[in-house]
Amino acid sequence: MDYKTDVAIIGAGPAGLMLGHLLRQAGIGCIVVERSSQEHVLGRIRAGVLERVTTDIMDQLELGGRMHAEGMPEDGFNLADGERLIRIDIKRLTGKQVMVYGQTELTRDLIDAAASRDLPVIWQTGDSVAVHQIDGEAPYVTFEKDGETHRIDARFIAGCDGFHGPSRRAIPVASVKEYEHAYPFGWLGILADVPPCNPELIYANHERGFALASMRSRTRSRYYIDVPLTETVEDWPDDRLWDELAVRLGPEAGARITRGPALEKSIAPLRSYIFTPMQYGSLFLCGDAGHIVPPTGAKGLNLAASDVAYLSRALIAWFKKNDREQVAGYSALALKRVWKAERFSWYLTKLMHRFPGDGDFERAMQVAELDYIANSEAMQTAIAENYVGLPL
Ligand code: APR
Ligand code: PHB
């Protein structure tokens with residue numbers, strides 16, 4: 001079957017779905033193609049801290065109802081050095097909050113509204129999607145489904161297909177510069193239906209390693225510790241993980257942990273990655289398709305949202321006002337914010353983790369920096385304004 005639309009979107013993750021809804025809201029035609037099923041997309045456990053840029057998009061789409069009803073606005077978060085909590089009062093320091101609301105729930109809200117908002121999503125296209133003639137003004141996407149080859153002719157293609165998608169690879173290597181930094185540890189995460197040990201997030205740098213206490217609701221918690229890349233989930237039965245969390249989060253928070261069986265437990269590697277440029281000809285990259293951040297700064301979803309904010313504005317200007325400048329400037333504008341979020345995520349990862357080979361001196365430097373943060377309003381403000389998200 002052949003389709004014709006204004007913008008073909010590859011990927012029904014947060015980036016693809018937010019972009020699709022914003023374009024449809026502006027009366028611009030688009031079609032989303034997604035390799036997996038709805039169930040698979042909604043089964044992925046992801047992060048849960050939303051910046052204002054993300055909640056603003058949901059509000060602009062009038063899809064924020066459940067987010068405001070079930071999400072938890074947070075006025076601050078905590079850094080810990082194994083002995084005390086250092087509270088970063090983001091509300092007082094920046095006038096903003098962050099919203100704790102699972103990415104899975106946000107994606108569910110976007111999927112549930114797709115049909116009523118006339119946003120077509122073609123599911124389960126597998127690895128068949130290919131992009132064609134992106135260097136011209138009549139690009140197209142092909143994919144296989146139900147034994148047939150299908151084609152979508154569009155004016156633009158938005159690659160919202162995550163780190164493992166095909167879009168990025170369609171850009172000629174000669175035009176590309178990539179930046180990558182792999183971290184020598186992974187995050188072991190556990191999701192459990194137990195009340196959080198603390199009303200606000202805690203990022204801890206204990207001498208035994210990193211821990212994060214987060215949550216999905218008042219009755220569902222999400223915890224992480226860093227583990228060597230050689231370890232597997234099997235090395236960490238629930239009890240061993242709960243014991244380690246109780247130590248790393250420090251005596252106060254550790255004593256408030258409620259234990260329970262893991263609903264989900266997995267290890268994810270940490271990586272900083274930036275692909276430049278985030279556009280080529282009629283192809284644009286949004287979200288993880290263009291960049292990856294270590295989860296320490298809670299920037300992954302929020303960077304996808306800022307890319308979408310920039311690209312949707314540029315495409316709406318193109319189709320509605322024949323304004324060609326914003327489209328031409330998308331990559332440069334998006335990357336300015338991406339690089340600052342990459343820096344903050346890298347900074348917080350280096351501050352809060354014990355790296356292999358770190359000795360007493362490196363630990364002392366981390367403890368000294370945390371003590372400086374604890375006593376410096378200027379440092380706390382710098383951290384707070386990055387955590388809530390820099391202005392668009
Ligand atoms: N064809 C079609 N769809 C594809 C293909 C393909 N070949 N390859 C990948 N996809 C889909 C994936 O199945 C996924 O649903 O693209 C979507 C990309 O979504 P995400 O990986 O969630 O990326 P993004 O929308 O940019 O959101 C970034 O998601 O992964 C987290 O940590 C990340 O929080 C960040 C957020
Ligand atoms: C989460 O709740 O999964 C989470 C929160 C904050 C982070 C990373 C993950 O920085």
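I began with Ile 9, which, once residues up to four places away in sequence are set aside, touches Gly 16, Leu 19, Gly 20, Leu 23, Cys 30, Ile 31, Val 32, Val 33, Ala 158 and Cys 160; contact here means heavy atoms within 4.5 Å. Before going on I noted that this is a predicted model, in which local features need pLDDT of at least 70 and side-chain atom pairs count only at pLDDT 80 or more, while totals for chains, interfaces and linings use all residues. I also noted that residues are numbered from 1 along each chain as its sequence is written, that chains are lettered from A and ligands numbered from 1 in the order in which they are written, and that side-chain values use heavy atoms, with hydrogens and water left out.

**Cores**

Which residues touch the most other members of the largest nonpolar core? I found Val 7 and Ile 9 in that place, among 77 residues; a nonpolar core is a set of buried Ala, Val, Leu, Ile, Met, Phe, Trp, Tyr and Cys residues joined through side-chain atoms within 4.5 Å. Buried means under 20% relative accessible area, exposed over 50%, and partly exposed in between, with a 1.4 Å probe and protein chains only. The largest share of this core, 11 residues, comes from H9; helices (H or I, at least four residues) and strands (E, at least two) are DSSP runs, numbered from the N terminus. I then found a second, separate core of 34 residues, which includes Ala 298, Tyr 347, Leu 348 and Ile 373.

**Ligand 1**

I counted 24 residues around ligand 1, the closest being Glu 34, Arg 44, Arg 46, Gln 103 and Asp 288; a residue is near a molecule or strand if one of its heavy atoms lies within 4 Å of it. Looking for polar contacts (a pair of N or O atoms within 3.5 Å; within protein, one must be able to donate a hydrogen and the other to accept it, and residues adjacent in sequence count only if both atoms are side-chain atoms), I found an oxygen atom of ligand 1 at 2.8 Å from a polar backbone atom of Asp 288. Polar backbone atoms also lie 3.1 Å from a ligand 1 oxygen at Leu 301 and 3.3 Å from one at Pro 14. Taken alone, ligand 1 exposes 700 Å², of which the protein buries 89%; accessible areas come from the Shrake-Rupley method with a 1.4 Å probe, and for residues only the protein chains shown count as cover. Helix H1 (14-25) and helix H9 (300-321) are the elements that give two or more residues to this shell.

**Ligand 2**

Around ligand 2 I counted 15 residues, with Tyr 203, Ser 214, Arg 216, Tyr 224 and Pro 295 the closest. An oxygen atom of ligand 2 is 2.6 Å from an N or O atom in the side chain of Ser 214, and 2.6 Å is also the distance from a ligand 2 oxygen to an N or O atom in the side chain of Tyr 224. On its own ligand 2 has 280 Å² of accessible area, and the protein covers 99% of it. The elements that give two or more residues to the shell are strand S16 (209-215) and strand S17 (221-227).

I looked up helix H6 (residues 103-112) and found it mostly covered, with 7 of its 10 residues buried. The buried residues are Gln 103, Thr 104, Leu 106, Thr 107, Asp 109, Leu 110 and Ile 111, and what covers them includes H1, H2 and H9.

Ala 255, in helix H8 (residues 251-255), is exposed, with a relative accessible area of 66%.

**Backbone**

I noted that the peptide bond from Thr 276 to Pro 277 is cis, with omega near -5 degrees. Gln 133, which is not a glycine, has a positive phi near 50 degrees, and Asn 322, likewise not a glycine, has a positive phi of about 55 degrees. Most residues other than glycine have a negative phi, and most peptide bonds are trans.
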